[in-house]
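User: I'd like to go through the charged pairs in this one, then the sheet. Can you take me through it?

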Amino acid sequence: MITRDIKIRVRYKETDAMGVVHHSNYVTYYETARTEMLREFGTTYRTLEESGVMLPVREVTMRFFVPARYDDLLTVRITLREMPGVKMIFDHEVLNEQGELVNTGTVVLVFMNAVTRRACRVPGWFAEIFRPCFPEG
């Protein structure tokens, strides 16, 4: 299992008429955390796509607990729970500055051949990046 904490500051445009972060923004927060986690491991979505593999979202689930508001500094705790295969599953916990749980969510992505648009296995070079964190996989 791999876990990273990514900090995100809530921008005014991400809030709704009630002054609360609009629910749609959490998907963006999750994506930002995934992108930064990949960077920490020395790769990017661009590199994956240039190799002929895409990683579209198959499923997103979320739960909300307390509201986040403009200018809050959020911590998005992202966890890759298992070695990538045909899919990657990320769990997310969003915490406010007081350490309160704001939101949880899971995102399932699938590896897809960019030409055939069919599911495929994780590219070997990509899997090797994460292998040291999953010695059993």
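Analyst: Arg 77 and Asp 5 form a salt bridge through their side chains, at 2.7 Å from N to O. The pair links distant parts of the chain, with Arg 77 in strand S4 (residues 73–80) and Asp 5 in strand S1 (residues 2–9), 72 residues apart. Note that this is a predicted model.

User: Is Arg 77 buried, partly exposed or exposed?

Analyst: Arg 77 is partly exposed, because its relative accessibility is 29% and the class covers values between 20% and 50%. Asp 5 is also partly exposed, at 40%.

User: How many salt bridges in the whole structure?

Analyst: The search finds 8 salt bridges.

User: What about Asp 71, which residue does it form a salt bridge with?

Analyst: Asp 71 pairs with Arg 9, and their closest N and O atoms are 4.0 Å apart. This pair also links distant parts of the chain: Asp 71 lies in the loop between strand S3 (57–64) and S4, Arg 9 lies in strand S1, and 62 residues separate them.

User: And the accessibility of those two?

Analyst: Asp 71 has a relative accessible area of 39%, so it counts as partly exposed. Arg 9 is at 40% relative accessibility and therefore counts as partly exposed.

User: What is the N to O distance for Arg 131 and Glu 128?

Analyst: The side chains of Arg 131 and Glu 128 meet in a salt bridge at 2.8 Å, N to O. Arg 131 is partly exposed at 30% relative accessibility, and Glu 128 is partly exposed at 46%.

User: How many bridges join S3 to S6?

Analyst: There are 7 bridges between S3 and strand S6 (residues 101–110), and the two run antiparallel.

User: Which residue in S6 is the bridge partner of Met 62?

Analyst: Gly 105 in S6 is the bridge partner of Met 62.

Conventions: Residues numbered from 1 in each chain as written. Predicted model: local features only at pLDDT ≥ 70, side-chain atom pairs only at ≥ 80, totals over all residues. Heavy atoms only, no water. Helix = DSSP H or I, 4+ residues; strand = E, 2+ residues; numbered from the N terminus. Buried < 20%, exposed > 50% of the residue type's maximum accessible area, 1.4 Å probe, protein only. Pairing = 2+ DSSP bridges.
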